[in-house]
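Here are some notes to read beside the model, written as numbered points. Please keep the structure open and find each residue as it is named.

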Amino acid sequence: MNDKTTARLIGAMVLGAGLSACGPSAPTPPAASTPGSTSMTRMERVARFPADLGPDRIDVADYPPRQRANYAVFADRCSRCHTLARPINSRISDRETWNRYVHRMQNRPTCNLTDADVRTIVDFLAYHSAERAHRWPGFDTHVAGLEARFREVKILQEKAVADESHRLGRTGEPGTQPAPTPTR
Ligand code: HEC
């Protein structure tokens, strides 16, 4: 992303911040994940971690200007392979651990994070997770809820895969036919 695009992104965010209601920063509520539901939302069908089921953006309207700018970089770079929900709903809360994780992401072959990006993102995540303690009351309970629903979602995902291969088997897709029963 070039500087112009970054500037426009930040500009749009500052504008958005001006328009949004005042009050404590709160995460955007997740696209309804209903505990106990036997059907999955689109987001649930692709979830790989409990955190994927949570909100995927942070309202940074009343964060300091530097952290609002950092958020723009985080939101751009960290949503390329999975949604932002994965880091946002993570229990990680200290700079040290964020530093380790962001470097781990940087080492992924297609990640293309510069060292400056890494510093910016770690700075944001360390600030945000420290703020979370008072800005997001009940965060731990929220994450426990995501973990509980994720256990159900995993069973539903496995069932969906089984149903799909059964369906393909019945319609005679090549390679999915059950092996013939040996006769004696
Ligand atoms: C190139 C693709 C890619 C990008 C870009 C990326 N991630 Fe990931 N991320 C992954 C994959 C794949 C996993 C699951 C495997 C793993 O944990 O390494 C993952 C997992 C995670 C996890 C969960 C790890 C766990 O074990 O609980 C967190 C948190 C995370 N990413 C944060 C980030 C942050 C923050 C950024 C931005 C710096 C980012 N990711 C950018 C690919 C990516």
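**Notes on the predicted model**

1. Asn112 counts as exposed, because 10 other C-beta atoms lie within 10 Å of its own, and the cut-off for an exposed residue is 12 or fewer. This residue sits in the loop between helix 5 and helix 6. As background, most residues other than glycine have a negative phi. Keep in mind here, and in every point below, that this is a predicted model.

2. Taking the protein as a whole, you will find seven helices and zero strands, so that the pattern read along the sequence is α-α-α-α-α-α-α. The protein has 184 residues, of which 21% count as buried. If we consider contacts between residues at least 6 apart in sequence, 74% of them join residues at least 24 apart.

3. Which residues have the most contacts inside the largest nonpolar core? They are Tyr71, Phe74, Ile121, Val122, Phe124 and Leu125, in a core that has 22 residues. At least two residues of this core come from each of helix 3 (65-77), helix 4 (85-88), helix 5 (95-106), helix 6 (115-135) and helix 7 (139-170). Helix 3 supplies the largest share, with five residues.

4. Although Ile88 and Leu125 are 37 residues apart along the chain, their C-alpha atoms are separated by 8.6 Å.

5. The packing of helix 5 and helix 6 deserves a careful look. Two packed helices are described by the angle between their axes and the distance between the axes. For helix 5 and helix 6, the angle is about 140° and the axes are 9 Å apart, while the crossing is right-handed. Helix 5 makes the contact through Arg95, Trp98, Asn99, Val102, His103 and Gln106, and helix 6 makes it through Val118, Ile121, Val122, Leu125 and Ala126. Sorted by kind, the residues of this contact are seven nonpolar, three polar and one charged.

6. Arg100 also lies in helix 5, and this residue is exposed because 12 other C-beta atoms lie within 10 Å, a count that still falls under the rule of 12 or fewer. The C-alpha atoms of Arg100 and Val122 are separated by 9.3 Å, with the two residues 22 apart along the chain.

7. Finally, how many residues surround the ligand? There are 18, and the closest are Cys78, Cys81, Pro87, Met105 and Cys111. Helix 4 and helix 5 are the elements that give two or more residues to this shell, and helix 5 gives the most, with four residues. By kind, the shell around the ligand divides into 10 nonpolar, three polar and five charged residues.

Conventions
Residues are numbered from 1 along each chain as its sequence is written. This is a predicted model: local features need pLDDT of at least 70, side-chain atom pairs count only at pLDDT 80 or more; totals for chains, interfaces and linings use all residues. A nonpolar core is a set of buried Ala, Val, Leu, Ile, Met, Phe, Trp, Tyr and Cys residues joined through C-beta atoms within 7 Å. A residue is buried if 20 or more other C-beta atoms lie within 10 Å of its own, exposed if 12 or fewer, and partly exposed in between; C-beta atoms are placed from the backbone. A residue is near a molecule or strand if its C-beta atom, placed from the backbone, lies within 6 Å of it. Ala, Val, Leu, Ile, Met, Phe, Trp, Tyr, Cys and Pro count as nonpolar, Asp, Glu, Lys and Arg as charged, and the others, Gly among them, as polar. Two residues are in contact if their C-beta atoms, placed from the backbone, lie within 7 Å. Axes are lines fitted to C-alpha atoms, for helices over the stretch in contact, and angles run from 0 to 180 degrees between N-to-C directions. A crossing is left-handed if the near helix is turned anticlockwise from the far one by less than a right angle, and right-handed if clockwise.
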